[in-house]
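This report describes selected features of one protein model, arranged by type of contact. Please keep the sequence and the structure in view while reading.

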Amino acid sequence: MKLLVLALCVASVAATIDWDTIVPEDGDDQKSLNLPEEPKEEGRIANGNLAQPKQFPYQVGLMVHLQKKNALCGGTLISNQWVLTAAHCTDSIDSADVYLGAFDRTNRKEQGQQVIRVTKKDIIIHEHWNPVSVQNDISLIKLPKPIEFNEYIQPAQLPKFSVFFSSYSGVNAIASGWGRTGDSATSSTDKLQWVQVPIMDNSDCLTYFGGSVRDTNICINTAGHKSTCNGDSGGPLVLADNSNTIIGLTSFGVKYGCEVGWPSVFTRVTSYLSWIFINTGIYNA
């Protein structure tokens with residue numbers, strides 16, 4: 001039986017959730033799912049922490065505009081003109097509002113916050129993006145003009161080419177975003193949230209998702225119900241060593257919920273360093 005997985009993007013039409021279910025190519029032989037009796041209501045980004053203004057200056061918010069709805073995603077600033085995000089966030093959109101320097105994304109008068117409109121011509125989606133298998137879930141957004149860095153807005157650092165083959169297994173990382181704060185939440189949150197989580201070995205993640213997880217993915221252990229959730233799609237997973245090194249982009253999770261203990265799956269940035277360099281000229285030697 002094929003396992004339905006969920007791209008972690010949340011629609012914002014009349015504050016309703018739009019669950020874009022994706023059937024991977026190979027989802028057989030999965031572990032039994034032990035659902036909790038009651039989803040926990042407390043927590044952030046599913047049982048994480050409330051961020052502080054300026055804590056994650058590389059964090060980007062994306063309100064993407066489609067024909068009949070809007071959807072919330074995340075992203076990562078990697079230079080003064082480029083944002084890294086997930087392909088499923090930018091596929092088929094007409095335009096997007098890019099939030100920079102934001103903590104409370106709903107407060108347009110917030111100190112340090114900038115909102116920039118981009119259109120589909122400003123977006124580069126990976127040429128081998130496959131929405132059915134969620135493979136090559138990565139895209140780039142070019143801002144209309146370079147922005148000035150300040151204490152609220154700073155770029156994340158790409159991994160060095162020398163660590164291209166690092167699995168990061170067992171290393172702690174930080175995920176952040178404005179997604180739902182738990183399975184009982186009916187909409188995304190206004191204020192930025194974050195969670196620190198350990199990286200899983202891909203061989204362990206495969207036992208949950210089968211062939212849906214590839215070498216180009218990276219997974220986090222969601223023990224304690226700490227996880228990304230709907231609305232966090234495309235957002236950053238960075239090393240928890242104060243280097244602000246971006247190693248993952250929120251991609252998908254199991255359809256049963258964000259707090260059920262299954263891994264969250266990210267696009268592995270080290271697998272796309274050459275692609276990023278070819279399209280932007282950005283690299284970390």
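Which residue's side chain meets that of Asp-97 in a salt bridge? The partner is Arg-117, and the N to O distance is 2.4 Å.

## Basis of the report

The model is predicted: local features need pLDDT of at least 70, side-chain atom pairs count only at pLDDT 80 or more, and totals for chains, interfaces and linings use all residues. Residues are numbered from 1 along each chain as its sequence is written, and side-chain values use heavy atoms, with hydrogens and water left out.

## Salt bridges

The structure holds 4 salt bridges, each defined as a side-chain nitrogen of Lys or Arg within 4 Å of a carboxyl oxygen of Asp or Glu. One of them joins Glu-151 to Lys-54 at 3.0 Å, N to O. Because Glu-151 lies in the loop between β11 and β12 and Lys-54 in the loop between β4 (49–50) and β5 (59–65), the pair ties together parts that are 97 residues apart in sequence. Strands such as these (E, at least two residues) and helices (H or I, at least four) are DSSP runs, numbered from the N terminus. Lys-54 is partly exposed, with a relative accessibility of 41%. In this report, buried means under 20% relative accessible area, exposed means over 50%, and partly exposed lies in between (1.4 Å probe, protein chains only).

The bridge between Asp-97 and Arg-117 also links distant parts of the chain: Asp-97 belongs to strand β8 (residues 95–100) and Arg-117 to strand β9 (residues 114–119), 20 residues apart. Asp-97 is buried at 9% relative accessibility, whereas Arg-117 is partly exposed, with a relative accessible area of 48%. A further bridge joins Asp-122 to Lys-121 at 3.3 Å, N to O. Here Asp-122 is buried, with a relative accessibility of 14%, while Lys-121 is exposed at 69%.

Strand β9 also contains Val-118, which is buried at 1% relative accessibility. Val-118 and Ala-96 are separated by 22 residues in sequence, yet their C-alpha atoms are 5.4 Å apart in space. As background, side chains in a regular strand alternate between the two faces of the sheet.

## Disulfides

The model has 2 disulfides, a disulfide being a pair of cysteine sulfur atoms within 2.5 Å. Cys-73 is joined to Cys-89, with an S to S distance of 2.1 Å. The torsion about this S-S bond is about -90°, so the disulfide is left-handed. The pair links distant parts of the chain, with Cys-73 in strand β6 (residues 70–77) and Cys-89 in helix α1 (residues 87–90), 16 residues apart. Both Cys-73 and Cys-89 are buried.

Cys-205 is joined to Cys-219, also with an S to S distance of 2.1 Å. Since the torsion about the S-S bond of Cys-205 and Cys-219 is about -80°, this disulfide is left-handed. Cys-205 lies in helix α2 and Cys-219 in strand β14 (residues 217–220), so that distant parts of the chain, 14 residues apart, are linked. Cys-205 and Cys-219 are both buried.

## Helix α2

Which residues of helix α2 (residues 202–209) are buried? They are Asn-202, Cys-205, Tyr-208 and Phe-209. These four lie on the same side of α2 because they cover an arc of only 105° around the axis, the arc being that of the directions from the helix axis to the C-beta atoms. Just after α2, Gly-210 takes a positive phi of about 60°.

Two strands are taken to pair if DSSP finds at least two bridges between them. Strand β15 (residues 236–239) runs antiparallel to β12 and is joined to it by 3 bridges; within this pairing, Ile-174 has Val-238 as its bridge partner. Strand β15 is also joined by 3 bridges to strand β16 (residues 246–254), again antiparallel, and Pro-236 has Leu-249 as its bridge partner there. β15 and β16 form a hairpin with 6 residues between them, and Asn-242 in the turn has a positive phi of about 70°.

## Nonpolar surface patch

Phe-161, Phe-277, Ile-278 and Tyr-283 form a nonpolar patch on the surface, with about 430 Å² of accessible area together. Patches consist of residues with over 30% relative accessible area and no salt bridge; like charges are joined within 9 Å, and nonpolar side chains (Val, Leu, Ile, Met, Phe, Trp, Tyr) within 5 Å. Accessible areas come from the Shrake-Rupley method with a 1.4 Å probe, and for residues only the protein chains shown count as cover. Phe-161 is located in the loop between β11 (139–142) and β12 (172–177), and is partly exposed at 33% relative accessible area.
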